[in-house]
Amino acid sequence: MYRRKLRHSRVKNLYKFASFKTATAHTVESSLEFDACYHFEYSPHVKSFIAQPMGFTYSIHGKTNPYTPDFKIINNNQKIAFIEIKPHSKTLHPEFVHKFQAKKEAACQLGFELSLVTELQIRKYPILNNYKLLHRYAGFQSHCELYDSVYGLVKAHSPIFLHEICALYDIGFRPRVIRSLVSLIASGKLKANILEKEIGDDLLLWA
């Protein structure tokens, strides 16, 4: 196995992604990889993930080359998979297709799956925006009376729309109610249809 020497991202503030699924920060090298982190962080199928993991070698045109996947994913069933992140336009080039197939075959021989992911899967609306909002409020877990009250109401009336929960409180509490709800979703205490609906009044919530 081989590890590539990492370089600092040229995109400001994208050098590390603080994950709640692993104890270490993840080094990322592009904004597309950074956005992919949100998906891995909140996917119910991903137990943990690591950016720029230990790589391997692959052969093409009679030459052996080093390769480091962009991510190593460990699923809930402990199955390991590697992910390569690339802009869709680059994946259309015949040379890339040929090289990627050689990498897939090398990974398969090691007992791992290598998958290709582009912005077509990563930057889908409203999923990415929702994930970013969840990440923003993931640490907002103020176990105050309001936080516990919001959680209790959703549990008692599941399923219920976000605007229905907000209507149960004075209008001045709406921002705090929404922050509490987003934090509860981020922590996994509440579920919501965030894959279909943008986080807003029409979001459906259940415990």
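An open sheet of three strands has the order 9-11-10, with antiparallel pairing. Its edge strands, strand 9 (160–161) and strand 10, each pair on one side only. Strands here are DSSP runs (E, at least two residues), as are helices (H or I, at least four), numbered from the N terminus; two strands pair if DSSP finds at least two bridges between them.

Strand 10 is joined to strand 11 (residues 204–206) by two bridges, and Lys-191 has Trp-206 as its bridge partner.

## About the model

This is a predicted model, in which local features need pLDDT of at least 70, side-chain atom pairs count only at pLDDT 80 or more, and totals for chains, interfaces and linings use all residues. Residues are numbered from 1 along each chain as its sequence is written, and side-chain values use heavy atoms, leaving out hydrogens and water.

## Strand 6 and its partners

Strand 6 pairs antiparallel with strand 3 (residues 46–51) over five bridges, where Val-46 stands opposite Asn-75. Strand 6 also pairs antiparallel with strand 7, over four bridges, with Phe-71 opposite Ile-83. Strands 6 and 7 form a hairpin with four residues between them, and Gln-78 in the turn has a positive phi of about 70 degrees.

## The largest pocket

Which residues lie nearest the centre of the largest pocket? They are His-39, Tyr-42, Ser-43, Pro-44 and Tyr-131, out of 32 lining residues. A pocket is an open set of points on a 1 Å grid over the protein atoms alone where a 1.4 Å probe fits, with protein on both sides within 12 Å along at least five of seven lines; lining residues have an atom within 4 Å of a point.

Helix 1 gives the most to this lining, with five residues.
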